Amino acid sequence: MLTALSAWGKKQEPSGVGIVFTEAEDGSLVVSRLVPGGPAEETGQVAVGDVLYEVEGENVYRADKQKIARKVLGSEGTMVRLGFKRGLRYEADPVFRVMIGRKAIPNAGVVERVVVAQSKAG
């Protein structure tokens, strides 16, 4: 979990945007759910299944997850611009960008990983 220092030098948890990302097998981050009442849900522009491509204009597709977390998380009340692709052919689709305010969110910065188990035919 990332922590940040406040203006008074006290440790505080970073604020997030209310998106739960799951790391897919290809290393991309996919929106698996939106935190009810969180900033992303309130925009009405982010949906489950969207794939994260940019943070503040920088390509983060399949980038290091800690690096992405440091860019997405920040001080409460500040804004961050995220770029996503949507749809079954998301690789070919254009990036759409959303400005989202940061807010105190429990467990901000935690990334889940999905591993698909293959069954053995026998």
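Predicted model: local features only at pLDDT ≥ 70, side-chain atom pairs only at ≥ 80, totals over all residues.
## Nonpolar core

Phe-84 is also one of the residues that touch the most other members of the largest nonpolar core, a set of 19 residues; Ile-19, Val-46, Leu-52, Leu-82 and Ile-100 are the others. At least two core residues come from each of strand 3 (19-23), strand 4 (29-34), strand 5 (51-55), helix 2 (65-72), strand 7 (79-85) and strand 8 (96-101).

## Salt bridges

There are five salt bridges in the count. In one of them, Arg-86 pairs with Asp-50, with 2.7 Å between the closest N and O atoms. Arg-86 lies in the loop between strand 7 and strand 8, and Asp-50 in the loop between helix 1 (39-43) and strand 5, 36 residues apart. Asp-50 is buried at 0% relative accessible area, whereas Arg-86 is partly exposed at 39%.

Glu-58 forms salt bridges with Lys-67 (3.0 Å between the closest N and O atoms) and with Lys-71 (2.9 Å, N to O). Glu-58 belongs to strand 6 (residues 58-59) and Lys-71 to helix 2, 13 residues apart. Through shared partners, Glu-58, Lys-67 and Lys-71 form one network. Each member is partly exposed: Glu-58 at 27%, Lys-67 at 32% and Lys-71 at 28%.

## Whole chain

The chain has two helices and nine strands, in the order β-β-β-β-α-β-β-α-β-β-β. Of its 122 residues, 39% are buried. The accessible surface is about 7,400 Å², with 52% belonging to carbon and sulfur atoms.

Definitions and conventions. Residues numbered from 1 in each chain as written. Heavy atoms only, no water. Helix = DSSP H or I, 4+ residues; strand = E, 2+ residues; numbered from the N terminus. Buried < 20%, exposed > 50% of the residue type's maximum accessible area, 1.4 Å probe, protein only. Areas by Shrake-Rupley, 256 points an atom, 1.4 Å probe, with all protein chains shown as cover. Core = buried A, V, L, I, M, F, W, Y, C linked by side-chain atoms within 4.5 Å. Salt bridge = Lys/Arg side-chain N within 4 Å of Asp/Glu carboxyl O.
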